[in-house]
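Have a look at the model first, then we'll go through it by topic.

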Amino acid sequence: MDAAEGSVPVSRLERSSHTAFIDNNTLYVWGGYQVVAAEDVMLPSDEIWLCDLDSGTWERREIAGDKPPDLSGFCGAHVNATLYIFAGCGSVGYTNKMFSVDLTEQRYLWKTVTDTKGTTPSPRNKHSCWVHRDRLIYFGGYGCKTVGEVQNTSSTSFIVEEMSWTTIGNALLRCWGWNNEVNVFDTHTATWSMPKTQGLVPAPRGCHASALLGNKGYISGGVETAELDLFCLDLETWTWTQFDLSQSCTPLGRSMFTMTPVSDNTLFIYGGLGTDGNTLNDAWQFNTGKREWTKMAHPHEDKPRVCHTACLGRDNDVVVFGGSSNMRILVDSLTVLRAPSQHHCKDVFIFQTQPYSLFRLCEDVIGRNPELFGKQLSWLPSKLRIKIDKRVAFFSAATPVLTA
């Protein structure tokens, strides 16, 4: 969807590694980066973009206050109409600060979350988050710890990258690596905690995908495996379970992809960077009851994506926005390089995962064919008329949202 091209600087919409969520059929988009002259350029943190999914129009809103620095690999989460941004990597290094903005206020205002209780997780990026019972439950990521912290951490929960040790003279100050920690932030009490988990714990990782179904958090990918793995954490007992997928057709291993819950027992994944180094365009569904993957046929195969977002919309639509369509990782015996040319996207496209209701179908028929109904549209109640007018505007756009 390229709505609003004539009214807003749409080049600012093009982005990857942003955060997004849907509330009241409005898509909110914040942060991320573009590549300009082969350099990563972070997008402004003092603005947020809103897309009305009924009409397809974009609106830019300013956010004042104590804004976050330019960050990559941060984790965004939306709970009770508040957007939280935690951690990431900026120009001065990794951070473990948290910022919030109340989106019910007339004037959006960033606030630094301070005076928290408990132990704040170490600085990191490329982590994920589940929102469960007004708690933000973070998993994994890549970051730094002091030597003392590493010594007090299990060797299975933090993998140090030897080449990332930092030394000044003979003094060893900090080290960097991947973790599989679970950290919980209670938004009501502003308290951090680290529950003790049991079961078969996933290997430390980042750039993975996560999703919530009921009281269970799922994580997948982000590690160099030929096939995609899948783990589940029971958020009441804090017990990990790994799915045995050896008997099913399994997706290629990948990172920087999305996983979206689309029913009580179904997860939907799309795209990502495959372990073969290419940007992927495949879509799969995982049935948690049957414990099996199903590859989905879809019309968006011309839209490979990595570092995109995929939010659950109305009628269980999966709404994909942004990302890069052609990221490639080049590997030789000495180095791993990202290909410098990337095409960042600003389009929205939709996967339909269930039959639409009669109301939705009527809405879309009228939106596509308003001329057939003439003055009868004026007989509609005002609230319904406004919604129909938005659908008319949506289908009148030159490049509408694509729906699978």
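Which residue forms a salt bridge with Arg12? Glu47 does, and the closest N and O atoms of the two are 2.4 Å apart.

Before going further, keep in mind that this is a predicted model: local features need pLDDT of at least 70, side-chain atom pairs count only at pLDDT 80 or more, and totals for chains, interfaces and linings use all residues. Residues are numbered from 1 along each chain as its sequence is written, and side-chain values use heavy atoms, with hydrogens and water left out.

**Salt bridges**

- There are 20 salt bridges in the structure, each one a side-chain nitrogen of Lys or Arg within 4 Å of a carboxyl oxygen of Asp or Glu.
- Back to Arg12 and Glu47: their salt bridge links distant parts of the chain, 35 residues apart, with Arg12 in the segment before strand S1 (19-23) and Glu47 in strand S5 (residues 47-52). Strands here are DSSP runs (E, at least two residues), as are helices (H or I, at least four), numbered from the N terminus.
- Arg12 is partly exposed at 28% relative accessibility, while Glu47 is buried at 1%. The cut-offs are under 20% relative accessible area for buried, over 50% for exposed and in between for partly exposed (1.4 Å probe, protein chains only).
- Asp347 pairs up with Arg305 in a salt bridge, closest N and O atoms 2.9 Å apart. This one also joins distant parts of the chain: Asp347 is in the loop between strands S33 (336-338) and S34 (348-351), Arg305 in the loop between strands S29 (292-296) and S30 (309-312), 42 residues apart.
- Asp347 counts as buried at 11% relative accessibility, and Arg305 counts as buried at 3%.
- Glu62 and Arg60 make a salt bridge too, with 3.7 Å between the closest N and O atoms. Glu62 is exposed at 57% and Arg60 partly exposed at 31%.
- There's also a salt-bridge network, and its members include Asp54, Arg314, Glu363, Lys387 and Arg391.

**Aromatic rings**

- The structure holds 23 aromatic pairs, meaning rings of Phe, Tyr and Trp (its six-membered ring) with centres within 6.5 Å; planes under 30 degrees apart are stacked, over 60 edge-to-face and the rest tilted.
- Trp30 and Phe74 have ring centres 4.9 Å apart and planes at 70 degrees, so they count as edge-to-face. Trp30 sits in strand S2 (residues 26-30) and Phe74 in the loop between strands S7 (64-65) and S8 (75-79), 44 residues apart.
- Both partners are tucked away: Trp30 is buried at 3% and Phe74 is buried at 9%.
- Tyr218, Phe243, Trp284, Phe286 and Trp293 make up one aromatic cluster.
- The charged end of Arg391 sits over the ring of Phe394, 4.5 Å from its centre; the test is NZ of Lys or CZ of Arg within 6 Å of the ring centre and within 35 degrees of the ring normal.

**Helix H3**

- Ile388, Arg391, Val392 and Phe394 are the buried residues of H3. They fall within an arc of 160 degrees seen down the axis, so they line one face of the helix; the arc is that of the directions from the axis to the C-beta atoms.
- Ser382, Lys383, Ile386 and Ser396 are exposed on the face turned away from the buried side.
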